[in-house]
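Student: Could we go through this structure together? I would like to understand how its parts are arranged.

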Amino acid sequence: MSSATSFYDFKPLDKRGQEVPLADYKGKVVLIVNTASKCGFTPQYAGLETLYKSIKEKHPDDFVILGFPCNQFGSQEPGSDDEIQNFCQVNYGVSFPIMQKVEVNGDAASPLYQWLKEEKPGLMGLKRVKWNFEKFLVGRDGKVKGRWASTTKPETLEQPILAELDDSK
């Protein structure tokens with residue numbers, strides 16, 4: 001387990017392999033999603049982009065979605081980081097950051113995902129991600145406020161995100 005104790009301690013890698021200090025997102029509401037390009041849930045990219053644009057319109061500096069591609073579920077994200085970026089842009093017009101491909105479960109799971117699962121276990125206390133497009137909501141205070149299964153459509157998250165944006169001003 002990583003020594004990080006706060007969301008803001010992590011520095012995941014962006015698509016170019018550069019560290020992204022999550023401390024840069026202090027005071028923002030962040031939706032974290034593990035993504036895949038060849039999954040039945042892949043069309044959620046469109047919903048995530050719509051959600052992102054809609055909330056950014058009202059709260060331009062207070063909200064971000066971070067996509068973390070993952071190939072652990074049915075090998076549904078086999079591409080390179082460049083191929084993934086291109087796929088997201090061409091097919092869904094994704095404008096939110098898509099990070100470097102990670103693992104979300106097992107010994108090689110990214111430290112951020114290890115922490116997210118500890119902070120907000122799934123059903124029956126399971127500390128693993130079940131499938132692609134599972135979603136974690138981190139509040140302005142860096143605490144995990146919600147976790148949703150792959151089957152949860154992004155547009156249904158608008159209210160919890162707006163509530164978090166309004167509650168924590």
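Tutor: Let us begin with a term: contact means that heavy atoms lie within 4.5 Å. Helices (H or I, at least four residues) and strands (E, at least two) are DSSP runs, numbered from the N terminus. This is a predicted model, in which local features need pLDDT of at least 70 and side-chain atom pairs count only at pLDDT 80 or more, while totals for chains, interfaces and linings use all residues. Residues are numbered from 1 along each chain as its sequence is written, and side-chain values use heavy atoms, leaving out hydrogens and water.

Student: OK, what order do the strands of the sheet come in?

Tutor: The order is β2-β1-β3-β4, in an open sheet of four strands with mixed pairing. Two strands pair if DSSP finds at least two bridges between them. Because β2 and β4 are at the edges with a single partner strand each, one side of each has no neighbour in the sheet. From one strand to the next, the twist averages 15 degrees.

Student: And how many bridges join β1 to β3?

Tutor: Four bridges join these two strands, which run antiparallel. Within this pairing, Val33 has Lys135 of β3 as its bridge partner.

Student: Which strands does α3 lie across?

Tutor: α3 (111-119) lies across β1, β2, β3 and β4, and runs at about 110 degrees to β1. Axes here are lines fitted to C-alpha atoms, for helices over the stretch in contact, and angles run from 0 to 180 degrees between N-to-C directions. α1 lies across β1, β2 and β3, at about 160 degrees to β2.

Student: How many residues does α1 have, and which are buried?

Tutor: α1 has 15 residues and reaches 21 Å from first to last C-alpha, close to the 21 Å expected at 1.5 Å a residue. That expected span is 1.5 Å times one less than the number of residues. Its buried residues include Tyr45, Leu48, Leu51 and Ile55; buried means under 20% relative accessible area, exposed over 50%, and partly exposed in between (1.4 Å probe, protein chains only). Their cover includes β1, β2, α2, β3 and α4.

Student: Moving on, which residues of α4 are buried?

Tutor: In α4 (residues 158-167), Ile161, Leu162, Glu164 and Leu165 are buried. They line one face of the helix, because they fall within an arc of 160 degrees when seen down its axis. The arc is that of the directions from the helix axis to the C-beta atoms. Gln159 and Asp167 are exposed on the face turned away from the buried side.

Student: New topic: how many salt bridges are there?

Tutor: A search of the whole structure finds seven salt bridges. A salt bridge is a side-chain nitrogen of Lys or Arg within 4 Å of a carboxyl oxygen of Asp or Glu. One of them joins Arg140 and Asp62, with the closest N and O atoms 3.5 Å apart. Arg140 is in the loop between β3 and β4 and Asp62 in the loop between α1 and β2, so the pair ties together parts 78 residues apart in sequence.

Student: Why would such side chains pair at all?

Tutor: Side chains of opposite charge can pair when their charged atoms come close.

Student: Is Glu134, which forms a salt bridge with Arg147, buried or exposed?

Tutor: Glu134 is buried, at 4% relative accessibility, and Arg147 is buried as well, at 15%. Their closest N and O atoms are 2.5 Å apart. By contrast, Lys145 and Asp141, which meet in a salt bridge at 3.0 Å, are partly exposed, with Lys145 at 34% and Asp141 at 44%.
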